[in-house]
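Hi,

Here is the structure I promised to pass on. Have a look at it first, and then read my notes below.

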Amino acid sequence: MACHPGFVATGNSPWHIRISYSFHRHGGCSKTAHEAKTPMPALPFALVAIVCYLAAGLWQSLSLARRVAERPTWVRGVGLIALACHTFIVALAIIGPHGLHLGLTQSAALVGWLVVALLLAASLFKPVLNAGVCVFPLAAITIVGVVGMPSRMIESGVSPGLYFHILSSIAAFSFLAIAAVQAALLGFQHHALKRRQTSGIVQVLPPLTRMEQLLFELIWCGMLLLTAAIVSGFVFVDNLFAQHLAHKTILSLLAWLIFAGLLAGHHLLGWRGPKAVRWTLAGVAMLVLAFFGTKFVLEYIFHYNA
């Protein structure tokens, strides 16, 4: 007899989560024997995180528009407060007594958390804090999703090798998600300079060559982690193409080929500017389909919960 927990909304507010334990007998259908209600006080932490994320993102956008002064220390401080609350929410939502809850909303919240953490850490050494214009609001949206619409999908019996595969996959996506925002800013900057518009955001952003250098540094980091994730998937996941992970694997491989082509073109043919932006956004779009598109189809179309 095996016990599989899943998060479902409960109580008078969607901001509380309970864990339902379903007992499965060999060869039989699942039957809920009992439910252990564990209220999660997510609402106060979620509100603080959302407000702080939106405040940091708004300030960074206003500073890019030269409406307010740049205050990177203040933005990092507010972002850290939001990240601390985000950490608490993600830990409660994902870690269960019988496995990891890695459904669509939990995975999105975890990715959002890691993207913010990487962005804040990297901003101490690299001028990447401008990506917070998109990253902070998106992180706030993932919090709304995980506390308002918790998924019931669970990964039980996770081996150390599979943990490595999951973590490397999420880390790869996080680096490449930041690269996508960097690419969008680079594309805007390139377009403005081509039209000889040197005021506004262009004055705040680093020089074009530095922006391109940061973009390819992020892509290299993401590619190394994506390679590790794909290799570990083949090593530690049994019958990868025979399971529901086949589509995710194929899309991830296509994304890897796109980024590999971009890096080869940059090194051998000098690809840069708009071409680099398009390839980066195409690769990240493929990863979005791989990571979240497949989860959406499984959970909300085929109602796969285990």
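How do the residues of the lining of the second largest pocket divide into nonpolar, polar and charged? Keep in mind that this is a predicted model. The lining has 17 nonpolar residues and four polar ones, with no charged residue among them.

Some more on that pocket. Its volume is about 520 Å³, and 21 residues line it. Those nearest the centre of the pocket are Val-111, Leu-138, Thr-142, Phe-173 and Phe-292. Four helices each supply at least two lining residues: H3 (104-122), H4 (132-148), H5 and H9 (273-301). H4 gives the most, with seven residues.

H5 deserves a look of its own. This helix covers residues 160-194, 35 residues in total, and spans 50 Å from its first C-alpha to its last. That is close to the 51 Å expected at 1.5 Å a residue. After H5 comes Arg-196, which has a positive phi, near 60 degrees.

Now for the chain as a whole. You'll find nine helices and five strands in it, and along the sequence they follow the pattern β-β-β-α-α-β-β-α-α-α-α-α-α-α. Of the 306 residues in the chain, 48% are buried. If you take the contacts between residues at least 6 apart in sequence, 69% of them join residues at least 24 apart. The accessible surface comes to about 15,000 Å², and carbon and sulfur atoms account for 68% of that.

Over to you!

Conventions
Residues are numbered from 1 along each chain as its sequence is written. This is a predicted model: local features need pLDDT of at least 70, side-chain atom pairs count only at pLDDT 80 or more; totals for chains, interfaces and linings use all residues. Side-chain values use heavy atoms; hydrogens and water are left out. The expected span of a helix is 1.5 Å times one less than its number of residues. Buried means under 20% relative accessible area, exposed over 50%, partly exposed in between (1.4 Å probe, protein chains only). Contact means heavy atoms within 4.5 Å. Accessible areas come from the Shrake-Rupley method with a 1.4 Å probe; for residues, only the protein chains shown count as cover. On a 1 Å grid over the protein atoms alone, a cavity is a set of points where a 1.4 Å probe fits but cannot get out, and a pocket is an open set with protein on both sides within 12 Å along at least five of seven lines; lining residues have an atom within 4 Å of a point. Grid points are joined across faces, edges and corners, and a volume is the space filled by probe spheres set on the points. Ala, Val, Leu, Ile, Met, Phe, Trp, Tyr, Cys and Pro count as nonpolar, Asp, Glu, Lys and Arg as charged, and the others, Gly among them, as polar.
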